[in-house]
Amino acid sequence: MRAGPLSGRAFRRFFLGRSLSLVGDAVVPAALALALLRATGSVSSLALVLGCAMVPKLLLLPVGGVVADRLNARTVAVATDLVRCGMQLLVGLQLLGDDPSIGLIAAAEVVGGAASAFATPALSPLVSATVGAEHRQRANSLLGTAGSVARLGGPALAGLLIWSVGPGWAFILDAGTFAASAALLLGVRIAHAPLPKRSFRADLMAGWAEVRSRDWYWTSLIAHGIWNLTAAVFMVLGPAIAVRSLGGEGSWVAVLQSGSIGVLVGALLAGRCRVRRPVAAGNLAAGLYALPLAALAASAPAPVVIGAYGVAMAGLGFLGPVWETTVQNTIPEHALARVMSYDWLMSLGAMPVGYLLAPLAAKAWGSTTTLTASALLVGGACVATLAVPGVRRFVVAAEERRTEPAPGARETEPADVRAT
């Protein structure tokens with residue numbers, strides 16, 4: 001019988017907690033938007049609260065990477081789960097009242113965003129510590145699948161809560177999922193080798209040196225950042241074009257649903273497929289995002305745009321587990337959180353740039369030119385990584401790509417090791 005990552009108790013607990021929190025997080029965006037519009041009638045209030053969550057996360061991600069490498073990743077994950085539980089509970093209680101305070105909700109989002117900056121870099125070390133190298137791609141595929149399912153079902157669950165008991169309960173549900181995640185992680189013990197005592201700046205620079213020393217890594221990060229920038233362009237210009245030329249609001253909803261299904265299909269494919277050149281394959285899959293951009297620019301019919309977006313997001317769903325596994329199996333464990341913090345910083349930081357530039361570029365040159373340029377940019381950037389020697393030469397050995405132990409071999413559970 002094939003033994004997979006869920007056969008290990010530690011990963012099972014981590015996976016269950018992560019899946020629960022993903023469901024809660026998938027419910028919150030719709031609930032937050034409708035709750036604030038109900039309370040204030042102002043889009044500015046929503047933008048303020050969203051910014052309050054994103055800005056501290058971007059600023060503190062490198063700090064979170066250092067802390068997660070210095071401390072046990074499980075300890076960081078439990079602490080941040082509890083902080084975010086408290087903040088979501090506070091927001092939920094505010095929204096259940098008759099006169100919610102926008103200032104208090106914004107402050108809670110600041111604290112929650114800061115906690116997320118510490119939690120996000122700890123995720124990859126938790127996977128690395130709870131799953132052996134031969135099962136990590138399947139583990140990352142499972143996590144990607146859970147995220148896709150949550151994104152598919154989250155809006156429907158949010159709608160059910162909003163219209164039955166009110167949006168505040170969506171945040172209370174999210175608080176409950178963070179509490180459950182923390183409780184599950186408390187039962188996980190992982191090994192941790194403390195970093196040598198040195199300055200914070202030295203730890204920060206050592207993490208950056210790990211990124212800079214690998215040409216396949218930093219060049220791929222540039223391509224991934226461009227992906228996020230052009231994705232923001234699509235999200236800004238796409239709705240208006242869909243409403244105007246593709247049949248109305250329903251067509252845009254269909255585009256988004258196609259993307260959610262595509263991510264799910266890509267994540268499932270990554271769990272079953274072992275590629276010899278994962279960095280090159282992942283970057284080429286990311287380059288598929290040029291398809292929906294080009295389809296919109298060419299005024300293609302709605303079914304073509306919907307299908308193109310599904311294919312593009314399947315590429316993203318495939319890239320995620322393949323990239324995570326490659327990084328986890330290559331970067332030294334003592335630096336993994338710091339390296340991932342730079343990875344997330346590049347990806348998340350590029351999206352606000354795209355949100356800002358998209359309307360300016362469309363006003364100056366038109367939507368067609370902006371979308372065409374974006375398609376060429378993301379496709380060209382992803383394909384261009386193949387010119388980098390490290391990307392071309394990054395090959396996974398045959399024994400590393402095996403997913404089953406040798407006949408008669410006994411599975412071990414590396415995560416159930418007491419922390420040192």
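Contact here means heavy atoms within 4.5 Å. By that criterion, the buried residues of helix H10 pack against H8, H12, helix H14 (367–384) and helix H15 (389–393). Helices (H or I, at least four residues) and strands (E, at least two) are DSSP runs, numbered from the N terminus. Buried means under 20% relative accessible area, exposed over 50%, and partly exposed in between, with a 1.4 Å probe and protein chains only.

The model is predicted, and local features need pLDDT of at least 70, side-chain atom pairs count only at pLDDT 80 or more, and totals for chains, interfaces and linings use all residues. Residues are numbered from 1 along each chain as its sequence is written, and side-chain values use heavy atoms, with hydrogens and water left out.

**Confidence**

- pLDDT is the predictor's confidence in each residue, from 0 to 100.
- The protein chain has a mean pLDDT of 84, with 91% of its residues at 70 or more.
- Over residues 398–420 pLDDT stays under 50, and the model has 42 contacts beyond four places in sequence for this stretch.
- Where pLDDT is low, the predicted coordinates should not be read in detail.

**Aromatic pairs**

- Rings of Phe, Tyr and Trp (its six-membered ring) pair if their centres lie within 6.5 Å; planes under 30 degrees apart count as stacked, over 60 as edge-to-face and the rest as tilted.
- This rule gives twelve aromatic pairs.
- Phe11 and Phe15 are a stacked pair, because their ring centres are 5.9 Å apart and their planes stand at 25°.
- Both Phe11 and Phe15 belong to helix H1 (residues 9–40), where they are four residues apart, about one turn of the helix.
- Phe11 and Phe15 are both buried.
- Tyr289 and Tyr309 have ring centres 6.1 Å apart and planes at 70°, so this pair is edge-to-face.
- Tyr289 sits in the loop between helix H10 (278–286) and helix H11 (290–297) and Tyr309 in helix H12 (residues 302–330), so the pair ties together parts that are 20 residues apart in sequence.
- Tyr289 and Tyr309 are both buried.
- One aromatic cluster is formed by Trp227, Phe234, Trp252, Tyr289 and Tyr309.

**Charge over a ring**

- A charge sits over a ring if NZ of Lys or CZ of Arg is within 6 Å of the ring centre and within 35 degrees of the ring normal.
- Lys57 lies over the face of Trp344, at 6.0 Å from the ring centre.

- Phe15 counts as buried because its relative accessibility is 17%.
- Beyond its neighbours within four places in sequence, Phe15 has contacts with Leu6, Leu142, Leu143 and Ala146.

**Helices H8 and H11**

- Axes are lines fitted to C-alpha atoms, for helices over the stretch in contact, and angles run from 0 to 180 degrees between N-to-C directions.
- The axes of helix H8 (residues 215–245) and H11 come within 11 Å and cross at roughly 35°.
- A crossing is left-handed if the near helix is turned anticlockwise from the far one by less than a right angle, and right-handed if clockwise; that of H8 and H11 is left-handed.
- On the H8 side Thr230, Phe234, Gly238 and Ile241 meet Pro292, Leu293 and Leu296 of H11.
- Gly238, in helix H8, is buried, with a relative accessible area of 0%.
- Not counting residues up to four places away in sequence, Gly238 touches Val233, Trp252 and Leu296.
- The C-alpha atoms of Gly238 and Ile190 are separated by 45 Å, although these residues are 48 apart along the chain.

**Enclosed helices**

- H10 is largely enclosed by the rest of the structure, because seven of its nine residues are buried.
- The buried residues of H10 are Pro278, Val279, Ala280, Gly282, Asn283, Ala285 and Ala286.
- In H11 six of the eight residues are buried, so this helix is also largely enclosed by the rest of the structure.
- Ala290, Pro292, Leu293, Ala295, Leu296 and Ala297 are the buried residues of H11, and their cover includes H8, H12 and H14.

**Ser299**

- Ser299 lies in the loop between H11 and H12, just after H11, and takes a positive phi of about 55°.
- Most residues other than glycine have a negative phi.
- Ser299 is exposed, with a relative accessible area of 63%.
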